Every structure is written in structure tokens, then in C-alpha cells.
Amino acid sequence: MLGGVIGGTGDIPVPVTDYDRPPRLIRKTKPEYPREAFAKKVEGVVVVEIRIDASGHVARVRVTQSEPMLDAAALDAVRS
């Protein structure tokens, strides 16, 4: 089977490269800006890596580019 594992259960992450349709956004959740970061005028970019399970839910998320005062808000938005 191309891109799969015979007898696999979907528990081991496999990069998807042979899909029929590209992934699409279903819902966009904006992070809530932390009050402390707003008061201190902290701006920046938080980049996250997200693993989606076979049922389409967020299984794992981790920060790959950090702005420490904004990380928690970004993670909360992704998990919601």
C-alpha cells in the first residue's frame, strides 16, 4: 500500500503526501492576547507543529518558534 503500513492502525505518524484533496481549514481560532504581553507591548510570532490523529483531532502540539509571553495563548488556540 503506497504511503501506509500493512496492518497499521494509524497510531504511528506518517507524513501525508499522496492525498486526493489538500487539507482545508474548518475553523479559525484567534489566540487571546495575554494581558501582561499587551501591557508590555510584546509582539512576535509563535510557530507551532501540530499532529492530527486519524479522527481529525489535535493529538499533539509543540512550539517550534517561540515568543515566551505568547506561547501559552498560541497553544490554547490550537488545542481549542
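I'll start with the overall layout, then go through the contacts, the salt bridges, the surface and the pocket.

First, some housekeeping. This is a predicted model, in which local features need pLDDT of at least 70 and side-chain atom pairs count only at pLDDT 80 or more, while totals for chains, interfaces and linings use all residues. Residues are numbered from 1 along each chain as its sequence is written, and side-chain values use heavy atoms, with hydrogens and water left out.

Now the layout. The protein has two helices and two strands, and along the sequence they follow the pattern α-β-β-α. Helices (H or I, at least four residues) and strands (E, at least two) are DSSP runs, numbered from the N terminus. Helix H1 covers residues 35–39, strand S1 covers 47–52, strand S2 covers 58–65, and helix H2 covers 68–79.

How much of the protein is buried? Of its 80 residues, 11% count as buried. Buried means under 20% relative accessible area, exposed means over 50%, and partly exposed is in between, with a 1.4 Å probe and protein chains only. The protein exposes about 7200 Å², and carbon and sulfur atoms supply 55% of that. Accessible areas here come from the Shrake-Rupley method with a 1.4 Å probe, and for residues only the protein chains shown count as cover.

Let's move to contacts, meaning heavy atoms within 4.5 Å. Among contacts with a separation of 6 or more, 41% are between residues 24 or more positions apart.

Ala37 sits in helix H1, and it counts as buried because its relative accessible area is 0%. Which residues does Ala37 touch, not counting those up to four places away in sequence? They are Val42, Met69 and Leu70. Ala37 and Met69 are 32 residues apart in sequence, yet 6.0 Å apart in space, C-alpha to C-alpha.

Leaving aside neighbours within four places, Pro34 is in contact with Met69, Leu70 and Ala73. From Pro34 to Ala73 is 39 residues in sequence and 6.9 Å in space, C-alpha to C-alpha. Pro34 has a relative accessible area of 23%, so it is partly exposed.

Lys28 is in the segment before H1 as well. Lys28 is 50 residues from Val78 in sequence and 9.0 Å from it in space, C-alpha to C-alpha. At 66% relative accessibility, Lys28 counts as exposed.

On to charges. Side chains of opposite charge can pair when their charged atoms come close. How many salt bridges does the structure hold? There are two, where a salt bridge is a side-chain nitrogen of Lys or Arg within 4 Å of a carboxyl oxygen of Asp or Glu.

One joins Lys40 and Glu36, at 3.1 Å, N to O. Lys40 is exposed, at 52% relative accessible area, whereas Glu36 is partly exposed, at 48%.

The other joins Glu49 and Arg62, also at 3.1 Å, N to O. This pair links distant parts of the chain, with Glu49 in strand S1 and Arg62 in strand S2, 13 residues apart. Glu49 is partly exposed at 37%, and Arg62 is partly exposed at 38%.

A quick word on the backbone. Most residues other than glycine have a negative phi. Lys41 has a positive phi of about 55° although it is not a glycine. You'll find Lys41 in the loop between H1 and S1, and it counts as exposed at 72% relative accessibility.

Last, the surface and the pocket. Ile50, Ile52 and Val58 form a nonpolar surface patch with about 230 Å² of accessible area together. Patches are made of residues with over 30% relative accessible area and no salt bridge, with like charges joined within 9 Å and nonpolar side chains (Val, Leu, Ile, Met, Phe, Trp, Tyr) within 5 Å. Val58, in strand S2, is partly exposed at 33%.

The largest pocket is lined by 18 residues, and Arg24, Leu25, Ile26, Arg27 and Ile52 lie nearest its centre. On a 1 Å grid over the protein atoms alone, a pocket is an open set of points where a 1.4 Å probe fits, with protein on both sides within 12 Å along at least five of seven lines, and lining residues have an atom within 4 Å of a point. H2 gives the most to this lining, with three residues.
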